[in-house]
Amino acid sequence: MNKVYLPHVAEVVERVQETPTIFTLRLRFIDENVQNNYRFEPGQFNMLYLHGIGEIPISIVSDPADESLFDHTIRVVGRVTKGFGQLKQGDQIGIRGPYGRGWPLKESLGKDIILVTGGLGCAPVVSVIRYVTRRRDLFKRLVIMQGVKRADDLIWREQYKQWEKLHDTQVILAASEQSHAEWPWHTGHVTDLMHKASFNPANAIAMMCGPEPMMRAAIEPLLQEGLSEQDIWLSMERNMQCAVGHCGHCQYGAKFICKDGPVFPYAEIKSLFGVKGY
Ligand SMILES: Cc1cc2nc3c(=O)[nH]c(=O)nc-3n(C[C@H](O)[C@H](O)[C@H](O)COP(=O)(O)OP(=O)(O)OC[C@H]3O[C@@H](n4cnc5c(N)ncnc54)[C@H](O)[C@@H]3O)c2cc1C
Ligand code: FES
């Protein structure tokens, strides 16, 4: 087998149940050498392999500065994610990666950052929040906008409350459906609240992920505010197999989401974004 497809064995050091269907695996490679040399950027993903079940792409949500462990937050949607959902502390899985282009964090130094996410779309962007909040003085304003369907879909609730207390940080949370869970924030679509975000459009960068219609709805007001198409970055998801640009499963026009993305500036994909069939 081509070496590029060979996973390294990692152990589940801790498992956190975030909601009934979402959980976080805290992992460490068994081989110390592999763990010590493992580096990634926020926005990149790994291929997670569960013996006898299958392999899936999952974003890395931890901070790259934490070199002893790395985290994946997974929502159970089908056969493979269900298999991962049954893992316990001490179980072993295969990991290959990291893959893809991460978020433009170097380009964001000294700028306002606007994060817009929907659903579990927050997973790739949470790595940015953790990165920025640990290096708060390197960036200007941080605007965190997260939309969920129901109040009880919001994970990391306590962390949003902590982030809200940081200087120059604004948190805007919205649930599009009413539910019984306590919800002190907005009801409606998060993209209807773009006007509440406070930032300097001449010196800002936006990063977003989640359902494509949600991202589409967020792009227009940002462009109207004066952000350029190059300053709006999107994390895209498609079915993947090889993750290294060989199989064509994630083909997106002339690009491969696994290799050229998953993070793209809007300027680079706007001719395809939202077009049926892509
Ligand atoms: C770059 C990248 C990063 C990702 N990061 C994460 C992450 O951090 N956490 C996470 O939980 N998932 C993430 N995903 C999605 C994850 O890979 C899929 O949920 C998983 O492959 C589904 O496998 P399954 O066998 O459980 O479900 P399947 O049986 O393959 O599918 C079950 C249902 O889920 C739908 N589905 C499958 N894949 C996706 C998808 N990508 N987006 C929306 N719906 C889908 C299918 O249409 C189907 O209705 C990511 C995907 C990509 C491409
Ligand atoms: S997953 Fe094979 S080309 Fe992207």
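1. Gly-52 takes a positive phi near 80° in the hairpin of β3 and β4, where three residues stand between the strands. This is a predicted model, in which local features need pLDDT of at least 70, side-chain atom pairs count only at pLDDT 80 or more, and totals for chains, interfaces and linings use all residues. Residues are numbered from 1 along each chain as its sequence is written, chains are lettered from A and ligands numbered from 1 in the order in which they are written, and side-chain values use heavy atoms, with hydrogens and water left out.

2. Strand β3 (residues 45-50) pairs with β4 in the antiparallel sense over six bridges. Asn-46 has Ile-58 of β4 as its bridge partner. Strands here are DSSP runs of E with at least two residues, helices are runs of H or I with at least four, and both are numbered from the N terminus; two strands pair if DSSP finds at least two bridges between them.

3. Both strands belong to an open sheet of six, ordered β4-β3-β6-β1-β2-β5, with antiparallel pairing. Its edge strands, β4 (54-59) and β5 (70-75), each pair on one side only. Direction ignored, neighbouring strands of this sheet are turned by 40° against each other on average.

4. Strand β9 (residues 169-175) runs parallel to β10, with two bridges between them; Ala-174 has His-186 of β10 as its bridge partner.

5. Axes are lines fitted to C-alpha atoms, for helices over the stretch in contact, and angles run from 0 to 180 degrees between N-to-C directions; contact means heavy atoms within 4.5 Å.

6. α3 (residues 122-134) also packs with α4 (residues 157-164), at an angle of about 40° and with the axes 12 Å apart. Cys-122, Val-126, Ile-129, Arg-130 and Thr-133 of α3 make this contact with Gln-159, Tyr-160 and Trp-163 of α4. By class these residues divide into five nonpolar, two polar and one charged, where Ala, Val, Leu, Ile, Met, Phe, Trp, Tyr, Cys and Pro count as nonpolar, Asp, Glu, Lys and Arg as charged, and the others, Gly among them, as polar.

7. Two cavities of 30 Å³ or more turn up in a search of the whole structure. A cavity is a set of points on a 1 Å grid over the protein atoms alone where a 1.4 Å probe fits but cannot get out, and its lining residues have an atom within 4 Å of a point. Grid points are joined across faces, edges and corners, and a volume is the space filled by probe spheres set on the points. The largest cavity has about 40 Å³, and its lining includes Tyr-38, Phe-40, Asp-66 and Phe-70.

8. The second largest cavity holds about 30 Å³ of space. Its lining includes Cys-122, Ile-129 and Tyr-160. α3 and β8 (142-148) are the elements that give two or more residues to this lining, which has six nonpolar, two polar and no charged residues.

Definitions and conventions
On a 1 Å grid over the protein atoms alone, a cavity is a set of points where a 1.4 Å probe fits but cannot get out, and a pocket is an open set with protein on both sides within 12 Å along at least five of seven lines; lining residues have an atom within 4 Å of a point.
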